[in-house]
Amino acid sequence: MIISEMAEKNTIRLNKFIANSGLCSRREADLHISLGTVKVNGKVITEMGYQVAPGDDVRFDGQRITADKPTYVLLNKPKGFLASVKKGSYKKDVMELIDRAVPFRIDPIQAMDRSTTGLLLFTNDQELMAKLRAPKTRVKKIYQVILDKNLTADSIEKIKNGVSIDRHKKLFVEEISFVRGEPKRVIGVEIHDQTYKAVNQIMESLDYVVEQLDLVTYAHLTKKDLPRGRWRHLSDQEINNLKMLK
């Protein structure tokens, strides 16, 4: 009886097992299960809530998968490294910078080009990744921006009122201000848009060139005690705060 109860505690729902492997979210895993593309110990499983035990052979589209522990790593990305949300092999990939963080693959939440620097979050938690990437999720991002020339008061007003990129798209910032003690071409921008390109698009539409773009705050995470090019694991509290975002 005791052995049986211990075994039950060590089992995991099949959809969570698949999500933890990094292939997809739990919701997407449910769809694959219902379509009969998942096998456990050679048997097709279509039962929602099926429990996987340690040592079970789980195969997704014929390929064996393993469920790695959900992991969350924050990197202070330096210049020259590419962060792509599309899996592939790239020259000077950010994956090189975190290769010692965990023995399995974790992916960046958002893309960053080689010139953009700052905070970059990696995880294999597909549910959190999908949530943070969703347009409806309000993730605070604060960038320090260096322009090719001083930002005028007129431009600031235009940015605060929203900048039209084309006939179908208008971009808004939450806050914009000069950085104390710095020239007026150095500014802080808070924006909830999902891509780093939004800041470039706003400035370029007003005839400014972004010379440097540095993400200094992501949600509640900051660069405090995290030098450029270094990474760290998130604390349990930081993980919980991200999961509570709406």
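Tutor: Here is a quick tour, from the whole chain down to single residues.

Tutor: Bear in mind that this is a predicted model, where local features need pLDDT of at least 70, side-chain atom pairs count only at pLDDT 80 or more, and totals for chains, interfaces and linings use all residues. Residues are numbered from 1 along each chain as its sequence is written, and side-chain values use heavy atoms, with hydrogens and water left out.

Student: Fine. How many helices and strands are there in the protein?

Tutor: The protein has 7 helices and 17 strands. Those are DSSP runs, numbered from the N terminus: H or I with at least four residues for helices, E with at least two for strands. The C-alpha atoms fill a box of roughly 70 × 40 × 35 Å along the principal axes.

Student: And how much of the protein is buried?

Tutor: Of the 246 residues, 43% are buried. Buried means under 20% relative accessible area, exposed means over 50%, and partly exposed is in between, using a 1.4 Å probe and protein chains only.

Student: Which residues touch the most other members of the largest nonpolar core?

Tutor: F122, V145, I159, I176, M203 and Y218, in a core of 54 residues. A nonpolar core here is a set of buried Ala, Val, Leu, Ile, Met, Phe, Trp, Tyr and Cys residues joined through side-chain atoms within 4.5 Å. There is also a second, separate core of 14 residues, including L14, V38, F60 and I65.

Student: What is I176 in contact with?

Tutor: Leaving aside neighbours within four places in sequence, I176 contacts L151, I156, I159, K160, I187, G188, V189 and M203. Contact means heavy atoms within 4.5 Å.

Student: Switching to helices. Which residues of α4 are buried?

Tutor: Q126, L128, M129 and L132 are the buried ones in α4. They line one face of the helix, because they fall within an arc of 160 degrees seen down the α4 axis. The arc is that of the directions from the helix axis to the C-beta atoms.

Student: What do the buried residues of α4 pack against?

Tutor: They pack against α2 (14-20), β7, β8 (107-108), β9, β15 (210-218) and α7. At the start of α4, a side-chain oxygen of D125 comes to within 3.2 Å of the backbone nitrogen of E127.

Student: And which residues are buried in α7?

Tutor: E238, I239 and L242, in a helix that runs over residues 236-243. They sit on the same side of α7, because their arc around the axis is only 100 degrees. Among the elements covering them are β9 (117-123), α4 (126-133) and β17 (231-233).

Student: Is T71 buried or exposed?

Tutor: T71 counts as buried, because its relative accessibility is 9%. T71 lies in the loop between β6 (63-64) and β7. Its contacts, not counting residues up to four places away, include V102, F104, F122 and H233.

Student: What about T152, where does that lie?

Tutor: T152 is in the loop between β10 (141-147) and α5 (153-160). T152 counts as partly exposed, because its relative accessibility is 37%.

Student: Last one: which ring face does K184 lie over?

Tutor: K184 lies over the face of F178, at 5.4 Å from the ring centre. Likewise, K149 lies over Y208's face, at 5.2 Å. For a charge to sit over a ring, NZ of Lys or CZ of Arg must be within 6 Å of the ring centre and within 35 degrees of the ring normal.

Notes:
A polar contact is a pair of N or O atoms within 3.5 Å; within protein, one must be able to donate a hydrogen and the other to accept it, and residues adjacent in sequence count only if both atoms are side-chain atoms.
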